[in-house]
Every structure is written in C-alpha cells, then in structure tokens.
Amino acid sequence: MEKKHNFSWDKLYLAVVFVFLYVPIVYLLAYSFNKGDTMNSFTGFSMRHFAELFSDTRLIVILLETFMLAFLSALIATAVGTFGALSIYYVKKRQQRMALLSLNNILMVSPDVIIGASFLILFTTIGSLVGGIGLGFWTVLLSHVAFSIPIVVLMVLPKLQEMNESMVSAAYDLGANNFQVLKDIILPFLTPGIIAGYFMAFTYSLDDFAVTFFVTGNGFTTLAVEIYSRARRGVSLEINALSTLVFLFALVLVVGYYYISKDNKSKKKSERRQKGGVMR
Amino acid sequence: MKQPIISFKNVIKCYDDDVPVLKNVSFEIEEGKFYTLLGPSGCGKTTILRMIAGFSEPTEGDIYFEGRRINNVPANKRQVNTVFQDYALFPHMDVYDNIAFGLRVKKLPKNQIDQKVKEALKMVQLAGYEKRGINEMSGGQRQRVAIARAIVNEPKVLLLDEPLSALDHKLRLDMQYELRELQQRLGITFVFVTHDQEEALAMSDEIFVLNNGNIVQSGTPVDIYDEPINHYVADFIGESNILNGTMIKDCLVEFAGKRFECVDEGMRENEPVEVVLRPEDLDLTDEEHGKLKVKVDTILFRGVHYEIICYDDEGNEWMVHTTKKAVPGTTIGLYFDPEDIHVMRFNESEEDFDARLESYED
C-alpha cells in the first residue's frame with residue numbers, strides 16, 4: 001500500500017481549483033439549513049427556510065413559470081433550429097453556407113446585454129407602432145426562443161455533417177417522397193443532436209438573466225430576475241433554500257445524463273465486440 | 001429487335017460549365033442482361049448510373065426507359081433501384097425495417113411485406129437475420145442487406161455502384177459468383193459500375209468501356225479482351241504487350257523488325273498500326289524455334305504463373321505469363337500463333353472497327 005506517498009502537484013492543482021469553484025456554492029447551500037436569519041453565523045440546523053420557501057406562493061409560481069418558459073422556448077427553438085440547420089446544410093454554395101453559419105455563431109457569442117437591449121427596442125417600437133404588445137410572458141418567450149435557436153443549430157449541424165448523403169439518396173431511390181425521407185430517415189438520424197440541442201436550449205433559458213431583465217414587464221418575472229431583485233434587498237435564506245433545491249435538481253440531471261451516456265457507450269462497445277467477432 | 005429497356009441518346013453532362021463529364025454518350029440496354037460500365041475513376045461511369053437512377057439530369061440529350069423519355073422523372077418515381085457503394089443502409093433501423101422500407105413506402109399490406117422481406121433475405125442467404133442491427137453486421141452481410149433492400153422492390157433494372165470495392169479479396173470473388181447467379185435467377189437487368197476489369201470480365205454479358213466521358217468500346221467480355229479497339233482498351237483490360245508496327249498488306253504485319261503472319265484485314269497497305277500480344281499467348285521456347293529472340297531481364301513468381309520481362313533486339317519490352325521458368329540473362333525464343341496477334345488502327349471509330357471485323361470474320 002503506497003497510499004501515503006501519492007502526493008503530486010497536478011492532483012493538488014485540481015483539488016485547489018475544485019475547492020475554489022465549489023466552496024461558494026457549498027457555503028450558500030449550507031446556510032439554507034441555518035436556524036438563524038443571516039449568513040453571519042451558523043446557529044443550528046433547521047429546515048424552516050425550506051418551509052418558508054414552500055409557503056411563499058409567489059416564488060413557487062415564479063419557479064413553475066420559469067420552468068414552463070424554459071420548456072416552451074426550448075421546444076419552439078428546437079423545432080425552428082433543426083429546420084434552420086437543415087436549410088443551412090442544404091445551401092449549395094459554400095460561401096453562402098459559411099456566411100449563414102457565421103451569422104448564427106455571432107448570435108451565440110454576442111453579449112446577452114446587447115441582445116436584450118435590441119429586443120427591448122424592437123418590442124417597444126412594434127408596440128408603439130401597432131400597439132397591443134405589452135412586455136411580459138410573450139416578449140420573454142420570443143426572445144428566449146430567439147437566443148436558443150443558434151444553440152440548437154450548433155448542436156444539430158455536426159450530426160447532419162456526419163450523415164451519409166447516400167443514405168438520403170437510397171431513401172429516394174426506394175420511392176420515398178421528401179416528407180418520408182425527412183420523417184423516416186433524416187430526423188431519426190438527427191435525434192441525438194436534437195435532444196442535446198433541446199436540453200442546451202432548456203438550460204440556457206432557465207438561467208438567463210440579462211435578456212429577460214430587459215424584455216420583461218410588470219406581472220411576469222423569472223427566477224433569475226426575482227432572485228436578483230430580492231438579493232438587492234438583502235438575501236433572505238429562503239433563496240438559499242431555493243438554491244439548494246435547484247442545485248439538487250441539476251445534480252439529478254447530471255447523474256441521469258451520466259447513466260444515459262454510459263448506457264450508449266456500453267452499447268457501442270458491445271457492438272464493436274460483435275463486429276470483431278464477425279471479422280474473426 | 002426488342003425494344004431496349006434503357007437508352008441514352010446523345011447525352012452530355014456538364015457540372016458548373018466545366019469540362020463535360022460525359023461527352024455525347026449513346027447506348028442501349030436490353031432487358032435481362034448483365035451490363036458493366038468499366039473505366040477508371042473520373043471517366044463518367046458513376047454519372048451515367050446516377051442519371052439512370054434519377055439523381056442527376058443530363059445537360060443535353062435524352063434518356064428513355066422502355067421508350068418513354070424520363071429526363072425529368074424524379075428518382076422516387078422510377079422502376080429502378082440502386083445498391084450503393086457504401087451500402088447506404090439506414091443505421092437506426094434493423095435489417096427487416098431496412099429491407100421493408102421500399103415496400104412500406106409503396107403502402108403494401110403487412111403480410112405481403114412480411115413475405116417479400118423473408119424471401120429477399122433467403123435470396124441473399126441471410127434468413128434469420130431480421131432483427132439484427134446494421135452495426136452488428138460485417139461488411140459482407142451489409143452488402144447482402146443492401147442488395148436485398150433493392151431487389152425486394154422488384155425493379156426492372158438494378159444499378160450497382162462499385163458494390164464490391166469495400167470487401168476483401170476472397171469475399172469479392174464469392175460475391176461475383178453470387179451476383180451473377182442472382183441476376184440469372186431474377187432475370188432483372190443489372191447495370192454494374194466498376195473500375196476492376198477482372199470483375200467486369202467475370203460477370204458481364206456486355207461491357208461498356210469508358211474513358212474521359214466517352215464509351216470507347218462495347219461488347220462481350222471475350223470480344224473486348226481478344227479484340228480491343230485501341231491502345232487504351234488493350235492496356236486497361238488485362239495485361240498486354242503493345243508495339244508499334246506497320247501493316248504491310250492483309251494478313252501480314254511488321255513489328256520488332258520482322259514480318260509476321262496475322263489474321264487482320266481491311267487496312268491500307270503500309271499503314272502504321274499498333275499490335276497487341278497478350279502475355280499468356282506467348283510461349284517460351286529455345287532460340288531456334290522462337291519467332292522472336294529475346295533476352296530475359298527479370299522473373300517474378302505470381303503464384304499461378306511466372307511473370308517474365310524480356311527485351312528484344314530493338315529494345316521493346318515483352319511481358320510473358322508462363323508456368324515455365326526462365327533464367328535472367330539468358331536469351332530465349334518467343335513463339336506465338338498468327339491468331340494471337342491483334343492489330344489496331346489509330347483513331348478508328350467503334351462502328352468502323354466493328355464493320356471491318358465483320359467484313360473478314362465470316
């Protein structure tokens with residue numbers, strides 16, 4: 001047993017980095033179980049902040065609305081983004097295709113503040129010209145859909161490029177029409193990319209603050225905006241409790257993702273084994 | 001004459017106003033035969049196949065299917081199916097669903113689909129593999145699935161785009177037999193694209209040799225092998241010794257500094273020509289009995305035969321395939337019969353060539 005002698009600098013480095021990353025979160029989470037009302041000192045274990053949280057109907061409603069928003073915007077963005085990726089892929093001229101792809105990527109890297117501000121201007125202009133558009137759920141939904149589309153495009157395109165073009169030809173050759181080719185061949189092949197795109201869009205929508213902050217109005221707010229406005233008044237430990245729950249939720253997602261990908265990998269491995277067997 | 005199932009009339013194909021890939025191609029394909037389009041990569045053979053399948057339209061000229069012009073008929077409306085070079089199977093479906101795809105698209109009743117898929121699987125010797133995933137199959141098995149997926153639709157013409165190129169040598173030979181047998185059993189017209197002359201010779205009823213977007217020669221494997229029209233065909237199909245010579249008169253040709261009796265006729269007197277002698281038609285003998293005196297340069301053991309490279313007095317290279325052994329550095333004699341000599345004119349068109357051959361062969 002050499003357990004005592006396995007010190008090395010790279011392990012220390014890793015440990016320090018992770019400690020730096022996680023200490024603030026753990027600190028936040030730990031105080032959600034505090035008996036007292038502040039984060040100054042831990043006075044004892046209690047679940048009363050969780051009880052407070054669950055009795056705070058306003059916050060629970062916002063939580064549900066936030067999830068609802070993420071669910072809807074990701075759904076719409078996935079649909080639009082998938083077809084966007086398809087049409088970018090099928091642009092014949094290389095230069096045109098690269099230009100479209102760059103336009104897509106620019107949206108990905110441009111700061112949220114700019115996107116938020118531009119949407120605010122757009123919505124208020126339309127509102128003043130046509131009328132009837134109040135800032136609220138619909139404007140937030142539209143802008144979330146808008147900033148999620150490039151993400152979906154970026155997740156679906158690599159899968160499309162992986163696709164064997166002659167597979168599509170084969171489907172036409174066997175008598176399929178455009179719709180059948182799309183439904184039976186292309187979309188099933190893209191499914192992993194589409195699902196990945198959906199989840200990325202979902203998480204982006206869930207934790208967006210800047211864009212939402214710009215384009216929301218009275219009567220609709222998301223979790224991020226709400227926490228921000230409460231934090232300005234001094235963070236109540238109720239927020240810590242909420243953070244604990246959201247963190248646990250994220251943990252479940254990560255673990256779930258791990259098991260799904262492990263499943264796929266082991267499937268691929270067994271496929272390889274079988275292939276090897278056949279070749280032998 | 002029977003109506004051809006497919007005919008090309010003066011078909012030209014250009015991509016993006018570049019040099020044409022096909023330069024005025026015309027040919028006819030009859031029902032129930034095994035055709036091969038043979039040529040090096042870039043000769044336009046796959047373009048022809050894609051045009052028959054409907055993935056590509058001719059820039060000029062017409063394509064007829066059973067007498068009907070089909071230039072603008074899309075791929076999914078043609079009674080033609082393709083076996084793709086990389087098989088192009090659907091990886092997210094199992095073997096059964098892959099094969100049933102075409103039938104389901106045609107909305108056949110379920111029990112009929114079931115019966116036809118089972119039949120097709122039996123035909124390619126994969127009965128019992130219905131539920132296998134595509135990724136669980138070997139290259140040869142995928143190949144068979146691809147063939148089954150195409151023939152299950154009972155096409156009038158089956159197109160095969162270099163389907164054997166990804167298989168190893170042994171499997172390839174087996175598949176050549178199987179494809180040939182399958183074609184004869186089904187009676188469907190096969191159009192097979194390959195750059196491998198051995199495949200073409202072994203399987204075809206009729207071969208079209210292509211070069212640079214033109215059909216250079218068409219005919220049965222034996223015709224093309226024994227009577228190549230020009231240097232290109234002689235060189236591309238099989239091994240050959242090609243020499244410059246002069247046609248002194250009918251049935252007398254001069255090359256390598258000597259005059260030889262031959263069986264070719266119909267050329268001008270003293271016309272410059274090219275002469276082909278196949279390596280396997282040359283026999284080794286001693287100096288006195290040989291028609292030609294050559295010096296052995298190298299000898300290579302090829303398994304079935306020795307490949308011997310010799311040089312004659314004029315410096316022409318001679319390749320000989322023989323089961324006899326020779327010693328490098330020695331001088332030996334080469335013997336061949338008049339029928340072994342094939343004389344080719346320069347720039348003779350295929351029509352003239354065929355007409356000339358017919359004039360003296362009967």
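# A walk through chains A and B

With 11 C-beta neighbours inside 10 Å, B:Q125 counts as exposed, because a residue with 12 or fewer such neighbours falls in that class. Keep in mind from the start that you are looking at a predicted model. B:Q125 sits in the loop that runs between α3 (110–123) and α4 (139–151) of chain B. Its backbone has something to notice too: phi is positive, about 60°, although B:Q125 is not a glycine.

You can find a second residue of this kind further along the chain. B:N347 also has a positive phi, near 55°, and is a residue other than glycine. Look for B:N347 in the loop between β20 (342–344) and α9 (350–361) of chain B. Because B:N347 has 6 C-beta neighbours inside 10 Å, it counts as exposed.

Now step back and take in chain B as a whole. Its 362 residues include 40% that are buried. Chain B contains nine helices and 20 strands, and its C-alpha atoms fill a box of roughly 75 × 45 × 40 Å along the principal axes. How much of the contact list joins residues 24 or more positions apart? Such pairs account for 65% of the contacts in chain B with a separation of 6 or more.

Chain B is divided into three parts: domain 1 (6–226), domain 2 (240–278 + 336–362) and domain 3 (283–335). Notice that domain 2 is written as two stretches of the chain, 240–278 and 336–362. The centres of domain 1 and domain 2 of chain B, taken over C-alpha atoms, are separated by 37 Å.

Let us turn to the sheets. Strands of a sheet pair through backbone hydrogen bonds, either parallel or antiparallel. One open sheet of chain B has four strands, in the order β2-β1-β4-β5, with antiparallel pairing. Which strands stand at its edges? They are β2 (22–29) and β5 (68–69) of chain B; each has a single partner strand, so one side of each is left without a neighbour in the sheet. Strand β4 (residues 60–65) of chain B is joined to β5(B) by two bridges, and the two run antiparallel. To see this pairing in the model, find B:F65, which stands opposite B:R68 in β5(B). A helix belongs to this picture as well: α1 (residues 45–53) of chain B packs on the sheet and touches β1 (6–13), β2 and β4 of chain B. The direction of α1 makes about 60° with that of β2(B).

Another open sheet in chain B has six strands, ordered β6-β7-β8-β3-β9-β10, and here the pairing is mixed. At the edges stand β6 and β10 (214–219) of chain B, each with a single partner strand, so one side of each has no neighbour in the sheet. From one strand to the next, the twist averages 20°. Inside this sheet, five bridges join β7 (residues 157–161) to β8 (residues 189–194) of chain B, and these strands run parallel. One pair to look for is B:V157 with its bridge partner B:T189 in β8(B).

Four bridges connect β12 (residues 252–255) and β13 (residues 258–261) of chain B, which run antiparallel. Here B:E254 has B:R259 in β13(B) as its bridge partner. The hairpin has two residues between the strands, and B:A256 takes a positive phi near 50° in it.

Finally, see where the two chains meet. In chain B, 19 residues are in contact with 19 residues of chain A. On the side of chain B that touches chain A, β6 (80–83) and α2 (95–105) of chain B each supply at least two residues. The largest share, three residues, comes from α2(B). How do the residues on this side divide by type? There are eight nonpolar, eight polar and three charged residues.

Chain A has a record to go with it. An unreviewed UniProt entry lists "transmembrane region" for residues 12–33, 67–91, 103–123, 135–157, 185–204 and 241–260 of chain A. Take two of these spans and look at them in the model. Residues 12–33 of chain A are 91% helix and 0% strand, with end C-alpha atoms 30 Å apart. Residues 185–204 of chain A are 100% helix and 0% strand, and their end C-alpha atoms lie 29 Å apart.

Methods: Residues numbered from 1 in each chain as written. Chains lettered and ligands numbered in written order. Predicted model: local features only at pLDDT ≥ 70, side-chain atom pairs only at ≥ 80, totals over all residues. Buried ≥ 20, exposed ≤ 12 C-beta atoms within 10 Å, placed from the backbone. UniProt positions renumbered as here; feature names shortened; annotations may be inferred. Domains from an automatic or database assignment. Contact = placed C-beta atoms within 7 Å. Nonpolar A, V, L, I, M, F, W, Y, C, P; charged D, E, K, R; others polar. Pairing = 2+ DSSP bridges. Axes fitted to C-alpha atoms, helices over the stretch in contact; angles between N-to-C directions.
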